[in-house]
Amino acid sequence: FPVTISYSLLTRPTLFLSSYTVPAGKVWKIETMASNSESNTGYSLNGYRLPFYGNQSYGAYKGALWLKEGTQFQLWSNNISGSSEFIVSIIEFNIVP
């Protein structure tokens, strides 16, 4: 059965959060990523930085994002006015051979 993983994270200005790697034999489906900052926040996949596109009052990623085993995932912030809070909702699936 799939497992739901939720993170509520805090980062300081211009810092990456801890890195998370999709475990061997697993696939992650990221359902939601959001921050309390309107801009200058985003996520990184295997070191490639991607911004959130905040089309509302908060920066957010909308839509499902599938990550295969071994993918490295981070959240980042360049929010110079203070720290940023993030929420991430992940469903973890087992890979069945």
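A nonpolar core here is a set of buried Ala, Val, Leu, Ile, Met, Phe, Trp, Tyr and Cys residues joined through side-chain atoms within 4.5 Å, where buried means under 20% relative accessible area with a 1.4 Å probe, protein chains only. The model is a predicted one: local features need pLDDT of at least 70, side-chain atom pairs count only at pLDDT 80 or more, and totals for chains, interfaces and linings use all residues. Residues are numbered from 1 along each chain as its sequence is written, and side-chain values use heavy atoms, with hydrogens and water left out.

On to the core itself. The largest one holds 14 residues, and Ile-30, Met-33, Tyr-43, Leu-67, Phe-73 and Leu-75 touch the most other members. At least two residues of this core come from each of β4, β5, β7, β8 and β9; strands are DSSP runs of E, at least two residues, numbered from the N terminus.

Two residues show who touches whom, with contact meaning heavy atoms within 4.5 Å and residues up to four places away in sequence not counted:

| Residue | Touches |
|---|---|
| Leu-67 | Val-22, Val-27, Trp-28, Ile-30, Leu-45 and Phe-73 |
| Thr-71 | Tyr-20, Thr-21, Val-22, Leu-45 and Asn-46 |

Thr-71 sits in the loop between β7 and β8. Is Thr-71 buried or exposed? Its relative accessibility is 8%, so Thr-71 counts as buried.

Zooming out, the protein chain has 9 strands and 0 helices. Buried residues are 33% of its 97 residues. Among contacts with a separation of 6 or more, 78% link residues 24 or more positions apart.

Methods: Helix = DSSP H or I, 4+ residues; strand = E, 2+ residues; numbered from the N terminus. Buried < 20%, exposed > 50% of the residue type's maximum accessible area, 1.4 Å probe, protein only.
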